[in-house]
Amino acid sequence: MLRELRTFIAVARHGTFAAAGMHIGLTQSAVSAQIRNLEQALGVRLFDRTGRQAILNAAGHRALPMAREMLEIFTRMATPEAAEQFSGELRIGAIATVQTGLLAAALLRLREAAPKVEPKLIPGVSLNLLSQVDAGELDLAILIEPPFDLPKELHAEILREEDFVLIVPCELEGDDPLRILASQPLVRYDRTSFGGRQVTRFLRRQRLEIQVALELDELDAIVRMVEAGLGVSLIPEAGLWLEREAAIRVIRLGELTFQRRIILLTRHGQRSQPILQLFARCLQGA
């Protein structure tokens with residue numbers, strides 16, 4: 001019945017049998033058959049079908065956290081007590097700046113401590129990674145702390161804080177960040193991302209009207225755009241641009257400084273697993 005529980009969780013997350021099947025590698029008819037088997041075994045309907053949509057009903061909402069808990073218990077049964085004895089896949093989600101930053105050193109430490117572990121890296125933006133951890137599709141993820149309360153099933157551990165700075169072309173004169181932002185086009189950190197939302201709040205607090213030159217979500221690409229003279233930008237002090245001599249000036253915000261937090265996200269029911277605790281220590285050491 002474990003596969004039926006996994007399929008149930010996938011349908012609850014993706015909203016249709018077809019979308020769930022695409023994410024777990026099943027046909028729509030196979031998903032439908034597994035949900036039917038689960039509902040027959042439980043003696044209750046879990047979804048209300050409206051066209052193609054599968055919407056959790058009251059029984060489904062009650063069953064969902066228990067289904068996740070059952071899968072977590074099963075996972076713990078198969079997990080060795082000693083991390084160095086762990087073998088198998090460890091599904092790690094990570095935002096771009098983590099992939100090119102602290103993750104490489106952490107994975108090297110992990111290999112030395114638990115050589116049988118097979119890390120699988122899944123890239124993504126913070127919001128998607130959060131959803132994947134919540135759905136049990138990732139064992140853990142390293143992402144930006146969200147600007148809202150986490151679901152109660154999730155646990156966050158702060159790994160680092162990164163100051164936002166103003167970056168400008170080298171030839172641009174002046175050091176007053178507010179005056180520069182008011183007068184220059186902004187290469188904007190994607191406002192739908194968690195980090196970009198912090199920039200939006202900063203601009204609102206300072207009552208700044210800005211002209212957007214371009215909007216994107218990749219920090220090193222933003223730096224390239226500023227180097228090319230497309231505008232200025234507010235970004236966290238993170239990324240590969242710190243390791244090369246970027247043709248920009250960095251202006252610190254002083255008392256206006258704000259930060260983004262990088263967190264390690266796991267599910268409460270799994271964070272006590274030795275392999276996840278070992279990986280957390282590898283990250284801290286990196």
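Here are some notes on this predicted model, point by point.

1. **Ground rules.** The model is predicted, so local features need pLDDT of at least 70 and side-chain atom pairs count only at pLDDT 80 or more, while totals for chains, interfaces and linings use all residues. Residues are numbered from 1 along each chain as its sequence is written, and side-chain values use heavy atoms, with hydrogens and water left out.

2. **The whole chain.** Let's start with the big picture. The C-alpha atoms fill a box of roughly 70 × 50 × 30 Å, taken along the principal axes. You'll find eleven helices and eleven strands in the chain; these are DSSP runs numbered from the N terminus, with helices being H or I of at least four residues and strands being E of at least two. Of the 286 residues, 44% count as buried. Here buried means under 20% relative accessible area, exposed means over 50%, and partly exposed is in between (1.4 Å probe, protein chains only).

3. **Surface and contacts.** The accessible surface of the chain comes to about 14800 Å², and 50% of that belongs to carbon and sulfur atoms. Those areas come from the Shrake-Rupley method with a 1.4 Å probe, and for residues only the protein chains shown count as cover. As for contacts (heavy atoms within 4.5 Å), take those with a separation of 6 or more: residues 24 or more positions apart account for 74% of them.

4. **Pro 236.** Have a look at strand S9 (residues 233–236), where Pro 236 lies. Pro 236 counts as buried because its relative accessibility is 0%. Leaving aside neighbours within four places in sequence, Pro 236 is in contact with Glu 162, Asp 163, Phe 164, Tyr 189, Leu 219, Trp 241 and Arg 260. Gln 259 is 23 residues from Pro 236 along the chain, yet their C-alpha atoms are separated by 7.2 Å.

5. **Thr 97.** Two of those names come back here. Thr 97 sits in helix H5 (residues 96–99) and touches Leu 219, Ala 238, Gly 239 and Arg 260, not counting residues up to four places away in sequence. With 11% relative accessibility, Thr 97 counts as buried too.

6. Asn 57 is in the loop between strand S2 (53–56) and H4. Its relative accessibility is 14%, so Asn 57 counts as buried. A polar atom of the Asn 57 side chain lies 3.1 Å from the backbone nitrogen of Ala 59. Asn 57 also touches Arg 45, Leu 46, Phe 47 and Asp 48, again not counting residues up to four places away in sequence.

7. Follow helix H4 (residues 58–77) along and you reach Ile 73. Ile 73 is partly exposed, because its relative accessible area is 35%. Together with Phe 74 and Met 77, Ile 73 makes a nonpolar surface patch of about 310 Å². Patches are made of residues with over 30% relative accessible area and no salt bridge, where like charges are joined within 9 Å and nonpolar side chains (Val, Leu, Ile, Met, Phe, Trp, Tyr) within 5 Å.

8. **Helix H9.** Several H9 residues are buried, among them Phe 194, Val 199, Phe 202 and Leu 203. Just after H9, Arg 207 takes a positive phi of about 55°.

9. **Salt bridges.** Side chains of opposite charge can pair when their charged atoms come close. A salt bridge here is a side-chain nitrogen of Lys or Arg within 4 Å of a carboxyl oxygen of Asp or Glu, and the count comes to 14. Asp 139 and Arg 91 form one of them (3.1 Å, N to O). That pair links distant parts of the chain, 48 residues apart: Asp 139 is in the loop between helix H7 (126–134) and strand S5 (140–144), and Arg 91 is in strand S3 (residues 88–94). Asp 139 counts as buried at 11% relative accessibility, whereas Arg 91 is partly exposed at 24%.

10. **More pairs to find.** Arg 224 bridges to Glu 227, with the closest N and O atoms 3.7 Å apart; both lie in helix H10 (residues 219–227), three residues apart, about one turn of the helix. Glu 145, Glu 161 and Arg 261 are linked in a network of salt bridges.

Definitions and conventions
A polar contact is a pair of N or O atoms within 3.5 Å; within protein, one must be able to donate a hydrogen and the other to accept it, and residues adjacent in sequence count only if both atoms are side-chain atoms.
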